[in-house]
Amino acid sequence: MTTHVRPIDRWFIDEVLPHARAYRRQARRWAGSEAAEDIVQEAYARVIALANWADVANPKAYTMLAIRNIAIDRLRQARVIPFDRGIDAALFDVEDQQPDALARITAKQELERARAAIAALPPQCRRVVELRRIENCPPREIADRLGISVSTVEKHLVKGLRAVLAALAAPADIELGSDPPREYEQRRASGDGGPMAGPPRRRNG
Amino acid sequence: MAVQWLVRLDAGTADARAFEVWRRDPRHAVAFAQAQAAWERMAQSASGTEPVRPAAPPASFEARPSRRMLLRAASIALPVLAVGGAAAVLMDRSTAYAATAVGEQRRFSPADGITVELNTDSRIGWRQSGLGCELWLERGEAALSIESRDGAAALLHCAGQAMLLAPGSYNARDDGASAALMVIEGRATVRGTATAARPGEAIRLEPGRARLIAASPEAIEAAAAWRRGEIVFNGETLGAALAEYNRYLEHKLVPADPSVAALRIGGRFETARPEAFLGAIESALGLEAVRRESDVLLRRKNLRPG
């Protein structure tokens, strides 16, 4: 598997993706919740296409900048420039935040969500997922020993991975271009008050 | 798409070139990286648990408390580091053992659909996991019968090799010097290889090596005979025959000299009646048995001179 994870993917997964919540929150502030997810995905696409990714000193700040630029472009295209959203001011937030603390909380919550999503899978699907991802049993062996075909093993894994992806992020992370369901946005807006509320805004200069 | 690509790449069923073409689109690359991140979270969701896949059961069960008794250590848990909520997703890892004393045979069922007949002086361990039954033949000989409604296989470890056993019947033997698994019915596949034995074939097991061989008619007959309490010789040397019969004997039969060991023997004998076997040898081969403290010496009868 690791052969398909290029160095840039590793960097993207380890340095860029852990701050997904911060990106989304910031994108919502800049462009509204309707457009936020799409803007984040577009920023991701720009970041993962970088040739000189290794030179990026602060991947999180870089991604935030990309989100900001995309947000500004869209606002210009829409000929509406609501400066009251405080785009320039918000840019400084990137530096002010405590990225590590936020990312740690996110990682912990993600593990909880992944665990819950796996636990909620149908029994055979869950069994296959646990055997592959926790017991590290090769797909061929799972197939042989459960008396099912490799393609059935794959189907279970696809189903399980989709469930975990959906649990980890807004569905827009999975199917590009689709709108995040309201329900999820509301849950996140209301449910993650405490640690997710973000640091107090500070104006530098 | 990203999820399917990832799962198929993981299973080795994807066209890697087509995947790279697909991934050229940065949005696809992002989706793939996100799927990969979730895939990694799945493995971490049982945080602190390393995959526990021992090649052999723990060696801590050295004592053979009571002979002539089926030993079943109910729940010798393998060391598992379970942290937090990880325990909920772990399989049952308890390992049990059964052993037979010299001359003893046992038949039992370690798991649903699996029957084990354990020959003399043998020991086998087993464990149930989410994958079904996993067995370790530590020494001796076992006949395994595997039935399962859904076609699930069992995993047998023997002489350092792991083999997947499809529903069927098998004979596994490891006498220290050599080891082999014979397929009577079903199909045995050496894990991680294409080496697979069909009925009438056997897998010769050597450290780091597994070789497919044809099972001789004698070997096939012998595998069936011991389960009836019989042992069959077809012109083997007495040395080889005694070694075989001695597996069932506390007091071993020892040829007095190489010329005695080179004699040939044929016939069907009962493993539980050594006296009858001894009597047959004495009369057929002109030998006499001399009982000594810890074994029985077989020598040519002293013909009175003149």
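Predicted model: local features only at pLDDT ≥ 70, side-chain atom pairs only at ≥ 80, totals over all residues.
A polar contact is a pair of N or O atoms within 3.5 Å, where, within protein, one atom must be able to donate a hydrogen and the other to accept it. By that rule, nine residue pairs are in polar contact across the interface of chain A and chain B, with both residues of each pair at pLDDT 80 or more.

**The interface of chain A and chain B**

The contact draws 52 residues from chain A and 56 residues from chain B. The size of an interface is often given as the accessible area lost when the parts come together. Between chain A and chain B the buried area is about 5000 Å², with carbon and sulfur atoms giving 62% of that area. On the side of chain A, Arg133(A), Glu135(A) and Arg145(A) supply 17% of the area buried against chain B, which is more than any other three residues supply.

The rule for salt bridges finds six of them across the interface of chain A and chain B. One of the pairs that form a salt bridge is Arg191(B) with Glu141(A), whose closest N and O atoms are 3.3 Å apart. Several helices of chain A, among them helix 1 (7-16), helix 3 (33-48) and helix 6 (99-119), each supply at least two residues of the side that touches chain B. The largest share of that side, 10 residues, comes from helix 9 of chain A. Sorted by class, the side of chain A that touches chain B has 28 nonpolar, five polar and 19 charged residues.

**A three-stranded sheet in chain B**

Chain B holds an open sheet of three strands in the order 16-19-18, with mixed pairing. Strand 16 (252-255) and strand 18 (287-291) of chain B stand at the edges with a single partner strand each, so one side of each is left without a neighbour in the sheet. From one strand to the next the twist averages 30 degrees.

The two pairings are set out here.

| Strand pair (chain B) | Direction | Bridges |
|---|---|---|
| Strand 16 and strand 19 | parallel | four |
| Strand 18 and strand 19 | antiparallel | five |

Strand 19 of chain B covers residues 295-300, and within strand 19 Val296(B) stands opposite Leu253(B) as well as opposite Arg291(B). Leu298(B), also in strand 19 of chain B, is the bridge partner of Pro255(B). Strand 18 and strand 19 of chain B form a hairpin, with three residues between them.

Two helices of chain B are placed against these strands. Helix 5 (residues 238-246) of chain B lies across strand 16, strand 18 and strand 19, and runs at about 170 degrees to strand 16. Helix 7 (residues 274-285) of chain B packs on the sheet and touches strand 16, strand 18 and strand 19, its direction making about 140 degrees with that of strand 18.

**Arg173(B) and its surroundings**

Arg173(B) has its place in strand 9 (residues 168-174) of chain B. Its side chain is joined to that of Glu244(B) by a polar contact of 2.8 Å. Leaving aside residues up to four places away in sequence, Arg173(B) touches several residues of chain B, including Leu137(B), Cys158(B), Ser178(B), Glu244(B) and Arg247(B).

Key. Residues numbered from 1 in each chain as written. Chains lettered and ligands numbered in written order. Heavy atoms only, no water. Pairing = 2+ DSSP bridges. Axes fitted to C-alpha atoms, helices over the stretch in contact; angles between N-to-C directions. Contact = heavy atoms within 4.5 Å. Buried area = accessible area lost by both parts, 1.4 Å probe. Salt bridge = Lys/Arg side-chain N within 4 Å of Asp/Glu carboxyl O. Nonpolar A, V, L, I, M, F, W, Y, C, P; charged D, E, K, R; others polar.
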